[in-house]
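The structure comes first, then the notes.

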Amino acid sequence: MYLFTAQEMRDLDRYTIMHTGIPGTVLMENAGRGVAHRIQEYVRGRKTAVVLAGSGNNGGDGFVVARYLVNAGWNVFLWRWGSVEQMSEETRTFYQVCENIGLKGQKVDLSFPEELTRQLEQADVVVDALLGTGIQGPLRQPMAELIHLINRKSNGFVVAVDLPSGVNTDTGAVETDAVQADLTVALAAPKWCHYLYPGADYCGELVVEEIGIPKPTLGQPTPRTRLNLPAIWESNLTPRSRWSHKGHFGHLLVVGGSRGMAGAVALAGSAALRAGAGLVTIAVPRGQEPILATKVTEAMVWGWPDNGLSCFTEEFPSDWSRQNRKWKTVVVGPGLGRFQGEQSWLKRILLEVTAPIVLDADALNILSHDSSVLKQRQGLTVLTPHPGEMARLTKQTVQQVEANRFRIAVEWAKTYGVIVVLKGTHTIIAYPDGTQWVNPTGTPALAKGGSGDILAGMLGSFLVQGIPPEQAVPIGVYLHGLAGEKAVSSTEQSVLATEVIASIGPAIHQFL
């Protein structure tokens with residue numbers, strides 16, 4: 001399923017009308033009918049609804065919703081925003097239909113809000129069809145006042161048509177105020193704002209309603225973003241042959257675990273094994289070997305030169321060049337720490353290892369001093385920053401990163417030829433060709449130390465098993481979120497990282 005910007009959605013509507021011959025009024029009729037049916041699924045019986053419709057196409061959808069609810073025996077109060085002359089042609093058509101059947105649309109006049117206020121307070125359902133995808137910048141008065149009134153006085157179930165009015169379609173920004181919906185019915189396909197903060201918080205539950213656009217048309221013109229859904233990659237998860245052995249599933253190297261941070265690299269290694277890696281070697285400073293050898297008994301431990309305080313130095317093991325050829329994928333960063341000579345150390349790994357590399361945690365912080373080395377690398381590189389690490393990489397603030405997540409992720413991926421996994425609610429996966437995937441799984445239970453280490457290990461695991469990167473990375477991100485969900489047995493607050501690792505198996509089993 002694709003994820004659309006406002007312009008991509010307009011292009012799709014135009015393409016559908018011009019190249020398939022389906023009139024815009026048919027699409028609008030389908031949209032409004034679909035929303036009305038969704039409302040009746042959620043709110044049973046014959047109820048009372050307030051429908052607020054704007055002058056654009058979103059308002060046209062609203063007029064259709066009102067008509068179908070009336071047909072279903074509902075008591076509907078219809079309010080229109082703006083003049084009839086301002087309405088688009090299709091919207092005016094359906095406004096006139098409402099007039100013809102006796103469903104009169106009162107014009108909103110906030111100079112005398114008493115009647116609207118009373119109806120909002122008494123309605124079982126309030127339908128927001130005011131603005132749709134067209135908003136840019138802060139709301140102007142009196143629209144901001146109207147939305148404030150809706151939020152303050154609505155006691156019923158609030159349904160947004162396509163997206164809550166006041167939310168920016170492309171960024172999820174809410175610069176003034178937005179309708180706080182209980183249910184958002186996305187038309188034809190989800191939009192970026194449904195998965196970006198803070199807009200996503202205004203959507204309530206999200207459902208997608210087909211409006212009659214033929215499926216081949218949904219890819220013309222092709223959006224650059226899609227939801228990370230299993231149908232795209234689940235064919236890579238199959239039961240293993242009884243004739244398979246550990247060599248078939250790759251040898252992964254995980255580098256990290258300096259003094260005081262052995263747990264991070266242990267979590268990454270354990271997650272990699274749970275996700276199916278055939279062999280895992282954990283490289284740690286020599287002083288950490290005894291700790292890791294007992295902490296992760298299923299992995300091999302490789303001691304690297306340390307500074308006498310169980311931290312890395314810029315030195316490499318004497319057998320590095322020979323051992324380097326063994327690894328099919330390398331994860332660098334969990335519990336790595338900072339140390340003298342770290343930049344040259346990381347540069348050597350990036351340039352000498354031709355296998356895929358996953359960079360996490362302090363490896364990203366080291367990289368932020370000079371990212372140009374990525375352009376010299378021959379193999380695949382996957383970066384897994386959280387917003388703070390992305391801010392350091394891009395020399396921006398966390399606030400700037402969060403406000404422009406999808407743009408920043410894809411620009412970095414294209415500039416440096418890497419895959420960027422920008423972590424957070426609805427993690428974004430950005431590729432060098434400009435395409436992006438948005439992940440729907442996850443839980444606040446993952447907002448805890450160790451979750452990122454688990455993700456790094458899982459990504460390394462699926463890569464080392466030979467799954468193509470364009471599918472291995474989405475698999476890892478999706479299953480990481482799903483494992484977090486499955487780990488919640490009582491409260492999200494109480495979930496431990498080890499419980500998330502224990503849930504990786506059940507998450508994978510769901511697709512076998």
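In the residue classes used here, Ala, Val, Leu, Ile, Met, Phe, Trp, Tyr, Cys and Pro are nonpolar, Asp, Glu, Lys and Arg are charged, and the others, Gly among them, are polar. The model is predicted, with local features needing pLDDT of at least 70 and side-chain atom pairs counted only at pLDDT 80 or more, while totals for chains, interfaces and linings use all residues. Residues are numbered from 1 along each chain as its sequence is written, and side-chain values use heavy atoms, leaving out hydrogens and water.

**Cavity**

- A search of the whole structure finds one cavity of 30 Å³ or more (a cavity is a set of points on a 1 Å grid over the protein atoms alone where a 1.4 Å probe fits but cannot get out).
- The largest cavity holds about 40 Å³ of space, where volume is the space filled by probe spheres set on the points, with grid points joined across faces, edges and corners.
- The lining of the largest cavity consists of Ile135, Gln136, Gly137, Gly166, Asn168, Ala173, Val174 and Glu175 (lining residues have an atom within 4 Å of a point).
- By class, three residues of this lining are nonpolar, four are polar and one is charged.

**Helix 2 and helix 3**

- Helix 2 (residues 24-42) packs with helix 3 (residues 57-71) at an angle of about 55°, and their axes are 8 Å apart.
- Helices (H or I, at least four residues) and strands (E, at least two) are DSSP runs numbered from the N terminus; axes are lines fitted to C-alpha atoms, for helices over the stretch in contact, and angles run from 0 to 180 degrees between N-to-C directions.
- Helix 2 and helix 3 are therefore oblique to each other (under 35 degrees counts as roughly parallel, over 145 as roughly antiparallel, 65 to 115 as roughly perpendicular and the rest as oblique).
- Their crossing is right-handed (the near helix is turned clockwise from the far one by less than a right angle; anticlockwise is left-handed).
- Residues in the contact include Met28, Ala31, Val35 and Ile39 of helix 2 and Gly60, Val64, Tyr68 and Leu69 of helix 3 (contact means heavy atoms within 4.5 Å).
- The contact of helix 2 with helix 3 has nine nonpolar, four polar and four charged residues.

**Helix 5 and helix 6**

- The axes of helix 5 (residues 114-122) and helix 6 (residues 143-153) lie 9 Å apart, at an angle of about 40°, which makes helix 5 oblique to helix 6.
- Helix 5 and helix 6 cross in a right-handed sense.
- Leu116, Thr117, Leu120 and Glu121 of helix 5 meet Leu146, Leu149, Ile150 and Lys153 of helix 6.
- Five nonpolar, one polar and two charged residues make up this contact.

**Helix 12 and helix 14**

- Helix 12 (residues 387-394) and helix 14 (residues 405-416) pack at about 55°, with axes 12 Å apart; that makes helix 12 oblique to helix 14.
- The crossing of helix 12 with helix 14 is left-handed.
- Helix 12 contributes Pro387, Met390, Leu393 and Thr394 to the contact, and helix 14 contributes Arg405, Ile408 and Trp412.
- In this contact, five residues are nonpolar, one is polar and one is charged.

**Backbone**

- Most residues other than glycine have a negative phi, and most peptide bonds are trans.
- The peptide bond joining Gln141 and Pro142 is cis, with omega about 5°, and Pro142 sits in the loop between strand 5 (125-129) and helix 6.
- A cis peptide bond runs from Tyr197 to Pro198, with omega near 0°; Pro198 is in the loop between strand 7 (183-187) and strand 8 (205-209).
- Asp162, a residue other than glycine, has a positive phi near 75° and lies in the loop between strand 6 (157-161) and strand 7.

Note on methods: 1 Å grid on protein atoms, 1.4 Å probe; cavity = no way out; pocket = protein on both sides within 12 Å on 5 of 7 lines; lining within 4 Å.
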